[in-house]
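Here is a short report on a protein chain and its ligand. Look over the sequence and the model, then read on.

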Amino acid sequence: MGLLNRGNIKEKPDRMHKPGKALPKLSGAWIKGLKKNQKLPEYITENVSEELIHLEDLVKIYDTGALKVLGLKRINLTIHRGEFVAIMGQSGSGKSTLMNILGCLDRPSMGHYYLDGVDVAAMNPDELSLIRNRKIGFVFQSFNLISRTSALKNVELPMTYARKNKRFREQRARELLERVGLGKRAEHMPNELSGGQRQRVAIARALANEPPLLLADEPTGNLDTAASVEIMELFSQLHKEGTTVVVVTHEEEIAAFTERIIRFRDGQILSDCPNVPRKPGEEG
Ligand SMILES: Nc1ncnc2c1ncn2[C@@H]1O[C@H](COP(=O)(O)OP(=O)(O)OP(=O)(O)O)[C@@H](O)[C@H]1O
Ligand SMILES: [Mg+2]
């Protein structure tokens, strides 16, 4: 088994779920009753579409009672499999709103989000958590590791949800920690690790189920320059190995590692430009 999802498309694009096409619904009971090795639907387990992310007139309105806040205003955006993208923009411009929707942590108010060809808006909460578990790795600014739980167990967690057996989980978690340079820290608790090391554990955890998409909302926001560069070099490597990576950042030096920079302002895309990425070891 390869460590990383190389993004091979097994299905033909014409198997994409088109707007309005009904999905075979999964019920909570069905998921709870899922037996070991029982097959999940192909739209969850397989790589379906060249367009990994496709947004159509996507709108997000936050309804806070008295006030309605427009988080995103009619976003149209496509990110292909294998891209390495930075999302930039001032505070409050909608970056996290977008990432939370891309990561299926939140739903759009209007419009469509096709994740690997499937309209996420049509999914029920059980399907959403399944698709999140298989297709998306999410990395947060504050690492979000489970305290008093070893690095190894933190990395194993998404595989527990995916019902992988203990031996498989432990072996893969060790491989992933090795992969992010923390092979010797597997038994350490998060509070025994530096910020950069914690973020590398979080990245290993995000990769646990070989997701095709890695989303990171200001992953270097709590790190010093040296640790930030290490994290971005790791993302560059993962991108080269086939993972699609989308990173939110405030810093031009961080965005410089990517191949495409999308800038947001007031919930809209201000610009969307290709970028010649910074090479590992090159000064910013
Ligand atoms: N849960 C919420 N309820 C109400 N309004 C919200 C909520 N989350 C975000 N907003 C609003 O939506 C807009 C976009 O916020 P968002 O968090 O996406 O910005 P951001 O670009 O990530 O900013 P930052 O760089 O500070 O993280 C802001 O006006 C914000 O106040
Ligand atoms: Mg934010």
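Asn144 sits in the loop that runs between strand E6 (136-139) and H5. Helices (H or I, at least four residues) and strands (E, at least two) are DSSP runs, numbered from the N terminus. The model is predicted: local features need pLDDT of at least 70, side-chain atom pairs count only at pLDDT 80 or more, and totals for chains, interfaces and linings use all residues. Residues are numbered from 1 along each chain as its sequence is written, while chains are lettered from A and ligands numbered from 1 in the order in which they are written.

Asn144 has a positive phi, near 55°, and is not a glycine. Most residues other than glycine have a negative phi. Asn144 counts as partly exposed because it has 13 C-beta neighbours inside 10 Å. The cut-offs are these: a residue is buried if 20 or more other C-beta atoms lie within 10 Å of its own, exposed if 12 or fewer, and partly exposed in between, with C-beta atoms placed from the backbone. Glu218 also has a positive phi, near 50°. Its loop lies between strand E7 (213-217) and H8. Glu218 is buried, because 21 other C-beta atoms lie within 10 Å.

## The chain overall

The protein chain has nine helices and ten strands. Of its 284 residues, 40% are buried. Take the contacts between residues at least 6 apart in sequence: 72% join residues at least 24 apart. Two residues are in contact if their C-beta atoms, placed from the backbone, lie within 7 Å.

## Helix H6

H6 covers residues 166-179, 14 residues in total. From first C-alpha to last it reaches 20 Å, close to the 20 Å expected at 1.5 Å a residue. That expected span is 1.5 Å times one less than the number of residues.

Which residues of H6 are buried? They are Arg169, Arg172, Ala173, Leu176 and Leu177. They cover an arc of only 140° around the axis, so they lie on the same side of H6. The arc is that of the directions from the helix axis to the C-beta atoms. The face turned away from the buried side carries the exposed residues Arg167 and Gln171. Helix H5 (151-161) and helix H7 (195-206) are among what covers the buried residues. Just after H6, Gly181 takes a positive phi of about 80°.

## The nonpolar core

The largest nonpolar core has 70 residues. Such a core is a set of buried Ala, Val, Leu, Ile, Met, Phe, Trp, Tyr and Cys residues joined through C-beta atoms within 7 Å. Ile87, Val155, Leu177 and Leu215 touch the most other members. Helix H8 (residues 225-240) gives the most to this core, with six residues.

Leaving aside neighbours within four places in sequence, Leu215 is in contact with Met99, Leu102, Gly103, Ile136, Phe138 and Val246. Phe235 is in helix H8. Phe235 counts as buried because it has 24 C-beta neighbours inside 10 Å. With the neighbours within four places again left aside, Phe235 is in contact with Val245, Val247 and Phe257.

## The shell around ligand 1

Residues around ligand 1 include Tyr62, Val69, Gly89, Lys95 and Thr97. Each has its C-beta atom, placed from the backbone, within 6 Å of the ligand. Strand E2 (68-80) and helix H3 (95-102) each supply at least two residues of this shell. H3 gives the most, with three.
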